[in-house]
Amino acid sequence: MQRRNSIRSLALMFAMAAASACVTVNIYFPAPQVREAAEQIVEETWGDAAKDASVQPRSSLSPGRLLAMASSLLVADAHAADPDVNVSTPAIRALKDAIKARSAQLRPYMNSGAVGIDRGGVLVARDLAGLDLAGKAAVRRLVEAENRDRTQLYREIAAANGYGSERVRDIQQIFAETWVAKAEPGWWVQDAGGTWRRR
Amino acid sequence: MRRAILAAGVLVATVLLLVVALYATLPLWSGTELVRSELQRQLLLAGYDVQAASVRMDRELSVTATDVVIRDAGGREVAAAPLVEVFNTLRLQPPYLVTTARLIRPRLSIDRTGEDGSVLRSLLATALPAPLERLEIEEGAVRIGDAATARGTLVLDQHAGALGITATTLDISDPSATRAAEKLAGRLRLERLPREAASTDQRYALELQIGSGSALWDEVLVDLGAFPVSAAATATAAAKTVDLDIASAELRGLLKMQAAFTWTLQDELSRCSLHLSAENLERSFDKLVREPFGAAYPALANLTVTGKSSVRMTITGAGSDAPAISGVVHAQSLRASSPAFLLDDLTARIPFFSRNAEPVVDIGGTLAAADLRIGGIRFGPFRIESIARAGRLDATAPVTLRVGGGALTLEDLALVEREERTLQLRARGLLRDVDLSRLLQDAGWPAVQGRLEGDLGGMAMDPVALSVTGAATAHVFGGRVHLRDMSIGTPFSRVSVFRLDAVAEDLQLAEMTQALPFGHIRGVLEGHVNDLEIAAGQLQSFDVDLHSVPRPGVAQTISVRALSKLSALGGADASLGGIALRLVNEFRYSRLGVRGSLRNDQFELHGVERADDGGEYLVKGSLLPPTVNVISHTQRMSFSEMLSRLRSLGEEEGEARDATSQ
């Protein structure tokens, strides 16, 4: 009887030890910070700042916060909450500059509805009926170049913050919501259900 | 009596009116029926049944047909009403056959495009219904399902079995309007050829001339006024296939084409033989490649290509997801150049086969160029003998490129089509006796004496990356720098990222600092730089640990000039006062180095040892005087700011040199 109690005690101790030895790893994707960074990038490239020709391009982004993204996925919360990394690499700056430079060319087509923003954050030549062929070709070329740069921007943001390619889609989705949210009145955007509507 | 006369008069008048009315309306009724029956007859001849809700004819023999429905022989509806809104200026001639018709603003909607090819074959088989000699279509519009719309003005006329179609303002477009043609003006002649004996196949000859308008295919826009289209072809329509044999097709000044095309009812069986050639590659490349794709692929934007090129290929299953392709590429006197790239005097004859192409005997090819330069670095002339196999192209022997006075040898060089149908260039690379000084000078960088060699191992390049599995070693500054895990991400995109790891061994700081405008330091440096990334010509990230190691017989000293540079660079604090700095030219140190990382423009800097006041020693003085400590109190700084400080230092250096020389 005593022996059985000893075994039971040992088993209980082992179980407690096993439980206390368990390490919990929280996988943290700082979506709010990514959204904040996305808003800043969208504002810089397509927003009022981009429209104002007198505004000089800034040498670094200072979005504040992609930041916590910097911590990799497998980090303690306390580490991830340390927002001290800027989304500013030469690659990201070069891509932002290209997107910003192109925005002035694309804006008339966005205003006319020839180009819209789909739910994936990708520009789409949605209604080219009012354009001559040269205009249609220009739209196709601009849209193709813009989408390539945006896609590479998401990859570079993920890479700069130590994320694998599996997070690129998450970043793209957050950017997609931001492009749509920041769309100007009169622009065509696609809602989550796939319906096009004019803002 | 008078009443009788009046009644007789009314009767006569009524009869006369009736006669007149009958006389007036009889031709109309008979004409309407004639037209209806003639339309029926003509379309039935073509294998279709036509029904119209109303067909009206007026005194001028103008006819309006509305709500017309056309059914094929199986009773399926192939066109929906209203086929013809206005149908006038119809001339009837004995024996009351419709010979000339004019359709104004007709609307045709073909909702069934005829997946089995029946519509196309019937159209080819009938052209114009036999009695109709001329059909004018003014402002016509046709919609073919969801595939395309066309509108414009055409005149169709046939004489002696040849159908001529003259367009003046024809617009064609797919639903997205990204594949379209506008304001086309030209002429198509379609002639029915005599059938060959014992054959039921119908043969045709086609001639096409388009002299104005423009055409868009996605990003490619061609002004057909500047580059007119002309084509001649023969076609054979059989029960299951349509063979199109294009004797010649030309976008004058851009591209010539010869083709034999078999279109079958099941696309995957269709077979197409093409011979494309460009006599003036410069214009072709500009219009068909650089202009359309330069915005998305900046490497193309500054590229000019001259010379002659052609490709002869066979595509089987052209309409399927995975067509089988085989052929031969020819190039002659081809030159491709941009500020960062040169390929000169390329001649080539390269046969190729896709993975799923029919098995063939291995076919040899050659590729040779007088010069190849990438980023200013010259790889010299080269010649490659190749063998084409299904899904790959192999060099028959190692290829040696002369670079920096040494050689880059590529063994097992092959262009391979991968399962997902993308191409990858593979090789095993070997670098021998490359003069670093020449290499760096060619690349526009400061020259450093040394030698580069190594077994680069497996090399692979595709649109996503260029990667190297092996390593190279630079013998520089009396020591070695081993370069590993080298790659270039997205080499053809706007921003390609160059990555590598580097391990330094036995680097003589005296030699290093002699080569750089940084003052003078003596000692031996070792360590590593991992995950080094360069993007858009700038350092993007790295982890660095470089530190001095004591070696017997090697002094460890640092000059005042180097000290001041270090201080200015890192905001560090040179602990000795100004007088001491003026009295002594060099100080002894025991340890020197940096540890740190660059991420997102933030450079985290640590020294070789922590100081009591929380700073970090970048230079720790020796026990024997004269000695110096350099302590950095700034562990994090903006890397771009640091680079701008570096640039200022360089400028100051230049100004100082200028002042001295004056």
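## Pairing of β1 and β2 in chain A

In this predicted model, β1(A) and β2(A) pair in the antiparallel sense over 3 bridges. Two strands count as paired if DSSP finds at least two bridges between them; strands (E, at least two residues) and helices (H or I, at least four) are DSSP runs, numbered from the N terminus. Within this pair, A:Gly116 stands opposite A:Val124 of β2(A). Strands of a sheet pair through backbone hydrogen bonds, either parallel or antiparallel.

Both strands belong to an open sheet of 4 strands in chain A, ordered β2-β1-β3-β4, with mixed pairing. Its edge strands are β2 (123–125) and β4 (196–198) of chain A, each of which pairs on one side only. From one strand to the next the twist averages 35 degrees, where axes are lines fitted to C-alpha atoms and angles run from 0 to 180 degrees between N-to-C directions.

A:Val115 lies in strand β1 of chain A. A:Val115 is classed as buried because 23 other C-beta atoms lie within 10 Å; the class requires 20 or more such atoms, 12 or fewer make a residue exposed, and counts in between make it partly exposed, with C-beta atoms placed from the backbone.

Leaving aside neighbours within four places in sequence, the contacts of A:Val115 include A:Leu123, A:Val124, A:Ala125 and A:Arg126, as well as A:Leu106, A:Val139 and A:Val143. A contact means that the C-beta atoms of two residues, placed from the backbone, lie within 7 Å. The C-alpha atoms of A:Val115 and A:Arg126 are 5.4 Å apart, although 11 residues separate the two along the chain.

## Confidence and numbering

Chain A has a mean pLDDT of 73, and 65% of its residues reach 70 or more; pLDDT is the predictor's confidence in each residue, from 0 to 100. In chain A, confidence is highest in strand β1 (residues 115–117), at a mean of 95, and lowest in helix α4 (residues 77–80), at 34.

Two stretches of chain A stay under 50: residues 14–27, with 4 contacts beyond four places in sequence, and residues 53–86, with 72 such contacts. Where pLDDT is low, the predicted coordinates should not be read in detail.

Residues are numbered from 1 along each chain as its sequence is written, and chains are lettered from A and ligands numbered from 1 in the order in which they are written. Local features need pLDDT of at least 70 and side-chain atom pairs count only at 80 or more, while totals for chains, interfaces and linings use all residues.

## Chain B

Chain B contains 9 helices and 43 strands. Of its 662 residues, 26% count as buried. Among the contacts in chain B with a separation of 6 or more, 49% join residues 24 or more positions apart.
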